[in-house]
Amino acid sequence: MSIIEELDWRGLLADCTDREALQQRLMSGPLSLYCGFDPTADSLHVGNLVPLLALRRFQLAGHKPIVLAGGATGSIGDPSGKAAERQLLSAETLQHNIDGVKRQLSALLDFEASANPAILVDNASWWAPVSFLDFLRDIGKHFTVNMMVAKESVRARMEDREAGISYTEFSYMLLQAFDFFHLKQAFGCELQIGGSDQWGNITAGTDLIRKKLGLHAFGLTLPLITNADGSKFGKTVVGAVWLDPHRTSVYRFYQFWVRTEDRDVIRYLKYFTLLTREAIDTMEQEHVQKPEARVAHKALAKAVTHLVHGAASTDEAIRASDILFGGDIEGISEATFNEIAAEVPSIRLNPRRFDSPGLPLVELLAETELCQSKGQARKDVEGGGIYLNNQRLADAQRRITASDFLFNRHLLLRKGKRNYHLCTLEMYPVC
């Protein structure tokens, strides 16, 4: 497949300024393309993966990707898809955010490729010398207010009498158009990609290039991703899912993907992984035939986590996930174990209760309510249905001591396949 055909098959082609002409241009040789983001946070989130992976797909096809960090435009804020004015960010905050994002981009794009390395640019570098009067004279005269008002991103806000739109955000499409114009001149950039809400901004750039340079440029948009039920993609009960492991742990990142709804999982394999069509088609057949095996879910979670966080972190996240299905706890880090512990019922206990000779196992099982009584606990242990830190117990006379606790603090009890209870020792300050 050509790159355009691949994007189309993956459901990632929302619109294109001239598909046939772009297809021909791509077949004639490598081109430079760019996608921009405004650094509103010091981390990317899962929603950013669609355009960045699109850049990666183009790079794998031999083209030259440019990532534009909006050190200048980020201080204004894009009104596209926003119901209210953005909070303006200081130059210091923007630079901090750009520095944070740089580290994540290297996992998604190849900046060391010999033939077509990705590059990162900051539009603050070319906006700094541009005066307001120069901008009005050289750029503003090429746009009519009628055309700007007709753009969806502007019209939607103007129709909201309460929110409205400031002149600052009204001007944003001109700023983005100038970015495309500059990249065309500086890097020969011929294509801008972005979310479907960027269509007006992107076409403003192609128009400016045509008017000022007499040259042809292309725009291509990707769909804004939603869940099958129409809800916003990338949000959980605790907020956005970030690529920075300090904001969203690798374990929770993996869990976000593995818990994808059945009706979304094949779509997301196409959107968010570099897996081949053959591999995805095979998983789709397996998913239809045996959805309870969750083969597609695990493949999705593994592929995206590996892409963003690397092999070692992915392996630990998989091991951590397996723990709640009876997997081996040996060697798991305390930080990862704490992530798992947050998902099961728990009880806090006085550590003195586990001094020698220890607390009877059957008493602890009854106290956690894994078993209805000490008598039932004995039967469950003797029947092979009780596990301590995922190790089956057989001795109903067993006592629990401090040495049984993981990380000197946690004890994981299980009854049957999925009934867990975490026992955590209360920590007392040293006098």
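**Rings in a predicted model**

User: Is tyrosine 268 buried or exposed, and at what relative accessible area?
Analyst: This is a predicted model: local features need pLDDT of at least 70, side-chain atom pairs count only at pLDDT 80 or more, and totals for chains, interfaces and linings use all residues. Residues are numbered from 1 along each chain as its sequence is written, and side-chain values use heavy atoms, without hydrogens and water. Buried means under 20% relative accessible area, exposed over 50%, partly exposed in between (1.4 Å probe, protein chains only). Tyrosine 268 is buried, at 2%.

User: How many aromatic pairs are there?
Analyst: Rings of Phe, Tyr and Trp (its six-membered ring) pair if their centres lie within 6.5 Å; planes under 30 degrees apart are stacked, over 60 edge-to-face, the rest tilted. By this rule, the count of aromatic pairs is 17.

User: What angle lies between the planes of tryptophan 127 and phenylalanine 135?
Analyst: These two rings form a tilted pair, 5.4 Å centre to centre. The angle between their planes is 55°.

User: How is the pair of phenylalanine 233 and tyrosine 268 classed?
Analyst: Their centres are 5.2 Å apart. Their planes make an angle of 75°. That pair is edge-to-face.

User: How many residues apart are phenylalanine 233 and tyrosine 268?
Analyst: Phenylalanine 233 is in the loop between strand E6 (218-222) and strand E7 (235-236). Tyrosine 268 is in helix H13 (residues 265-272). Helices (H or I, at least four residues) and strands (E, at least two) are DSSP runs, numbered from the N terminus.
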